[in-house]
Amino acid sequence: MEVKRMTARLLVTKLGSVSEATRSEALAELRLMTKHDAESRLIVAEAGAIPYLEETLYSSSHDSQDNAAAILLNISISSRAALMSTRGLLDAISHVLRHHATNSSPFAVQSSAATLHSLLVDDSYRPLIGAKRDIVYSLIEIIKRPNSPPRSVKDALKALFGIALFPPNRASLIGLGAVAALFSLVLKDGRVGILEDATAVIAQIAGCEESEREFWKVSGAKVLVDLLDVGTGSSERIKENAVGALLNLVKCGGGGVVKEVREMGPGAVEGIRDVVENGSAKGKSKGIALLKIVEGGAKEWDFAV
């Protein structure tokens, strides 16, 4: 352990070198160290690496930016508090995300979004990260951009999901255009993994009063109903997410949503029944509640989501 501490201190000292080559070499070694040795992550953080890594996210060198972003992601797995207690870290991550289409390397964008997702595992950080409108806006822009790499889109969606888990963040997501961006992704992207992650975020965002109007603008309820139709070939996870989203819409919306849900076709009803029979425990309970609404046996206030 002491050898690891000495090694970490030596490498962190090199991060402050005036020589770019020395800094690059230290970054590459720290990346390998934190990737393969879980114990070293906290050690590297305690050695004072995070401020240097934060500064390196602003670097014009893609190699340096990539390594710094990867090390921060590795550290976030074991030492979230060390990152969140570093002043300016979220601003540095925001810088990488804001320039996703220009100066930032795709890998650094992906690692930065993945770091946010890792930090958002801790529910106490969700209000703090969700309040950073520049971060939320940049994540939405990543999923909107047609040329964004699939990995960047997936990592951005996972970060948005973590942000949406804190209910007060949902109105902010809607205000920044998340609903249109998410449904555009669902309609235009056929990749199962992307659709699963996008509908997971949609299901969370549906759970607020502001959702009904924005979902209506993009025919959101109809799209969700179509995803439940067995003819669309949606995965079980997509169907569970669609059920959860419709249920949240019914709970938070008005009579128009209830009417739309009750007018679902037989294919969609069959999709709900499939979730009831084959879904997860949570999916089954939501499917049962939605079936009661569709069949007119319950009101939207008869269940909790």
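Does aspartate 197 count as buried or exposed, and at what relative accessibility? At 4% relative accessibility, aspartate 197 counts as buried, where buried means under 20% relative accessible area, exposed over 50% and partly exposed in between, calculated with a 1.4 Å probe on protein chains only.

**View 1. The predicted chain as a whole.** This is a predicted model, in which local features need pLDDT of at least 70 and side-chain atom pairs count only at pLDDT 80 or more, whereas totals for chains, interfaces and linings use all residues. Residues are numbered from 1 along each chain as its sequence is written, and side-chain values use heavy atoms, with hydrogens and water left out. The protein chain comes to 20 helices and 0 strands, these being DSSP runs numbered from the N terminus (H or I of at least four residues for helices, E of at least two for strands). Its C-alpha trace spans about 70 × 40 × 30 Å along the principal axes, and buried residues make up 52% of the 305 residues.

**View 2. Aspartate 197 and lysine 154.** The side chains of these two residues meet in a salt bridge at 2.6 Å, N to O, a salt bridge being a side-chain nitrogen of Lys or Arg within 4 Å of a carboxyl oxygen of Asp or Glu. Aspartate 197 lies in helix 14 (residues 192-205) and lysine 154 in helix 11 (residues 150-164), so the pair ties together parts that are 43 residues apart in sequence.

**View 3. Aspartate 197 and arginine 237.** Aspartate 197 also forms a salt bridge with arginine 237, and the closest N and O atoms of this pair are 3.1 Å apart. Distant parts of the chain are linked here, with aspartate 197 in helix 14 and arginine 237 in helix 17 (residues 236-252), 40 residues apart. Arginine 237, at 36% relative accessibility, counts as partly exposed.

**View 4. The network that includes aspartate 197.** Salt bridges link Lys154, Lys158, Glu196, Asp197 and Arg237 in a network. The structure as a whole holds 18 salt bridges.

**View 5. Glutamate 263 and lysine 259.** In this salt bridge the closest N and O atoms are 2.6 Å apart. Glutamate 263 and lysine 259 are both exposed.
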